[in-house]
Amino acid sequence: MIYGYETNNCKKDYNKLYHLKSIGENMFDFENGDINIMLSMINMKLRDEFSSLESFANYYSLTKEEIVKRLGEKGFHYSENENQFKRV
């Protein structure tokens, strides 16, 4: 599936950005995707749709530990009180 939009008559293909390893969900490539886009997407989902990182992880067939490790490697820490990742 190709995600794109037109701006100033220029089509942009975002297919590479949106593949999460969940069942049928085209969102993000968790292992190789851009860390800033992943951070933004996860924090948005935590803010708007999920009350905890555990529920987010379960929904997308990931573990909390996988997510914390991946973002932790790039200097981000999960705050349970705020339910979001922030730069350390």
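In which helix is Phe56 found? Select Phe56: it is found in helix H2, residues 53-59. Bear in mind that this is a predicted model.

**Stop 1: the whole chain**

Zoom out and colour by secondary structure. The protein has three helices and four strands. Follow the chain along the sequence and the pattern reads β-β-α-α-α-β-β. Of the 88 residues in the protein, 34% are buried. Among contacts with a separation of 6 or more, 37% join residues 24 or more positions apart.

**Stop 2: helix H1**

Select residues 35-48, which make up helix H1. H1 has 14 residues. From first C-alpha to last it reaches 20 Å, close to the 20 Å expected at 1.5 Å a residue.

Go to the N-terminal end of H1 and show Asp34. Asp34 caps this end. One of its side-chain oxygens lies 2.9 Å from the backbone nitrogen of Asn36.

Next, show the buried side of the helix. Select Ile35, Met38, Leu39, Met41, Ile42, Asn43, Lys45 and Leu46: these are the buried residues of H1. What do they pack against? Their partners are H2, helix H3 (64-72), strand E3 (76-79) and strand E4 (84-87).

Is Asn43 buried or exposed? Its relative accessible area is 16%, so Asn43 counts as buried, the cut-off being under 20%. Leaving out residues up to four places away in sequence, Asn43 touches Gln84 and Phe85.

**Stop 3**

In soluble globular proteins, nonpolar side chains tend to be buried together. To see this model's version, select Ile42, Leu46, Leu53, Phe56, Ile67, Leu71 and Phe85. Of the 18 residues in the largest nonpolar core, these touch the most other members. H1, H2, H3 and E3 are the elements that give two or more residues to this core. The largest share, six residues, comes from H1.

**Stop 4: back to Phe56**

Centre on Phe56 again. Why does Phe56 count as buried? Its relative accessibility is 1%, and buried means under 20%, so Phe56 qualifies.

Show what surrounds the side chain. Setting aside neighbours within four places in sequence, Phe56 is in contact with Ile42, Lys45, Leu46, Phe50 and Ile67. Take Ile67 from that list and draw a distance to Phe56. The two are 11 residues apart in sequence and 10.0 Å apart in space, C-alpha to C-alpha.

**Stop 5: the rings**

How many aromatic pairs does the structure hold? There are six. Start with Phe56 and Tyr60. Their ring centres are 4.9 Å apart and their planes stand at 55°, so the pair is tilted. Phe56 and Tyr60 are both buried. The relative accessible area of Tyr60 is 1%.

Tyr59 and Tyr60 form an edge-to-face pair, 4.8 Å centre to centre, with 85° between the planes.

Finish by selecting Phe50, Phe56, Tyr59 and Tyr60 together. Ring pairs link these residues into a cluster.

Technical notes: Residues are numbered from 1 along each chain as its sequence is written. This is a predicted model: local features need pLDDT of at least 70, side-chain atom pairs count only at pLDDT 80 or more; totals for chains, interfaces and linings use all residues. Side-chain values use heavy atoms; hydrogens and water are left out. Buried means under 20% relative accessible area, exposed over 50%, partly exposed in between (1.4 Å probe, protein chains only). Contact means heavy atoms within 4.5 Å. The expected span of a helix is 1.5 Å times one less than its number of residues. A polar contact is a pair of N or O atoms within 3.5 Å; within protein, one must be able to donate a hydrogen and the other to accept it, and residues adjacent in sequence count only if both atoms are side-chain atoms. A nonpolar core is a set of buried Ala, Val, Leu, Ile, Met, Phe, Trp, Tyr and Cys residues joined through side-chain atoms within 4.5 Å. Rings of Phe, Tyr and Trp (its six-membered ring) pair if their centres lie within 6.5 Å; planes under 30 degrees apart count as stacked, over 60 as edge-to-face and the rest as tilted.
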